[in-house]
Amino acid sequence: MSIFEYNGSAVVAMVGKNCFAIASDRRLGVQLQTIATDFKRISKIHDHLFIGLSGLATDVQTLYQRLVFRHKLYQLREERDMKPETFASLVSAILYEKRFGPYLCQPVIAGLGDDNKPFICTMDSIGAKELAKDFVVSGTASESLYGACEAMFKPDMEAEELFETISQALLSSVDRDCLSGWGGHVYVVTPNEIKERILKGRMD
Amino acid sequence: MKLDTSGFETTMPMIGFGSNNDMLDGFCSVPSFDLPRTTDFDGFQKEAVQMVKPAKGTTTLAFIFKEGVMVAADSRASMGGYISSQSVKKIIEINPYMLGTMAGGAADCQFWHRNLGIKCRLHQLANKRRISVSGASKLLANMLYSYRGMGLSVGTMIAGWDETGPGLYYVDNEGGRLKGDRFSVGSGSPYAYGVLDSGYKFDMSVEEALELARRSIYHATFRDGASGGVASVYHVGPNGWKKLSGDDVGELHYHYYPVAPATAEHVMEEAAE
């Protein structure tokens, strides 16, 4: 098993009508052994910007701490929140700085930009940005997630329907992966509120 | 090129049967297989072993108690990280009073258990009485020993009830054979042992033993990524085996640990983060 499959993870983000949803599994494992079932993979940068990190758990936590630090500095200097596109460029630059000794994680960035237009993108571990209009996935269950999202996604879904769709896609994909699952964590973000929900999944 | 198996002939008594009896052809001796034609035999063997290797991802267990033998297993088949099936039958019915468990290569376990079933039936016909669990496990162990080092992957337990009472043996592809009261085989076995060893008493009723076996498999599926699906439990008594339960472990989790609704204080804590 490769180093990206050491801890196991699944992250997915989807675009809806003036809203977005980002979801992850909750397992932290050491190869086949499950250590924790409440590991936080998705973190808030500001009210309209979330980042989900899959891959090696230690790099997930460290990278998140570095990004929060950079964003707080930006807030102090510019006296406003970062736009999602700018943040994506920042993450890409930070990852490429470590080109020959990379952070072993793949971020998924989701945010609401100007005019509340949803923005999602994913990156590989050295910062290659991949923008998408519908959904992005990452983690050990990514192949199953691609299939599930492709089948279930519809454009311009409202917040409730988007929540149902992303939850079903996540749960059915992690049920085909030994290394991720054990519950789910979904954030649905609209211009006015953030709804955080925990999913009841198969615990095997 | 055929492997010379003349050194491995079993000394099973075959009185009354002519040597040109078609029915017994191939079953008096260890089955022989053609070898592959390749320039690099050792390298090919090593690759073949690696191909089969990932598959000991499973949890099976068996234990002897006052009322017989309890045998339990999960039902997940995994290839590396991918779950290829959640509904594999890992408890193999060799004959109406003997069970075998499957851990390792599925094809290997299924073939050799069926082969063992055939040999047991032939023994019964030749000797007018059922083969003992000790005898059956010895037959299997000897067959596997003759294929030692050739990449078979079999980690099985033979459980049954014979004239001496309940019997349980562990047999593996190295040719090892162990008699015991409690065994668990597979990647989830450490977790199953934890629950099984702490809850085991010889004087259990069938219901208590069923619950212990089911709980042990459930805990192994929770902690081990390569185990999951359905926890099946069989009981072997003086009249043969009977399947007692087959519960989906996804539902078992919420049966043992129901979801408690979050209280108001919890909600306050998260907002203050």
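**Notebook: strand β1 of chain B, then chain A**

I began with strand β1 (residues 60-65) of chain B, where six of the six residues are buried, so the strand is largely enclosed by the rest of the structure. Buried means under 20% relative accessible area with a 1.4 Å probe, protein chains only; strands are DSSP runs (E, at least two residues), and helices are H or I runs of at least four, numbered from the N terminus.

I noted that this is a predicted model, with local features needing pLDDT of at least 70, side-chain atom pairs counting only at pLDDT 80 or more, and totals for chains, interfaces and linings using all residues. Residues are numbered from 1 along each chain as its sequence is written, chains are lettered from A and ligands numbered from 1 in the order written, and side-chain values use heavy atoms, leaving out hydrogens and water.

Next I checked which way the side chains go. B:T60, B:A62 and B:I64 point one way from β1(B), and B:L61, B:F63 and B:F65 the other way. Side chains in a regular strand alternate between the two faces of the sheet.

Then I looked for partners (strands pair if DSSP finds at least two bridges between them). β1(B) runs antiparallel to strand β2 (residues 68-73) of chain B, joined by six bridges. A hairpin through two residues links β1(B) to β2(B), and B:F65 stands opposite B:G68. β1(B) also pairs with strand β10 (residues 182-185) of chain B, antiparallel over four bridges, with B:F183 as the bridge partner of B:A62.

Last, I turned to chain A, which has four helices and 12 strands. Of its 204 residues, 55% are buried.

Technical notes. Buried < 20%, exposed > 50% of the residue type's maximum accessible area, 1.4 Å probe, protein only.
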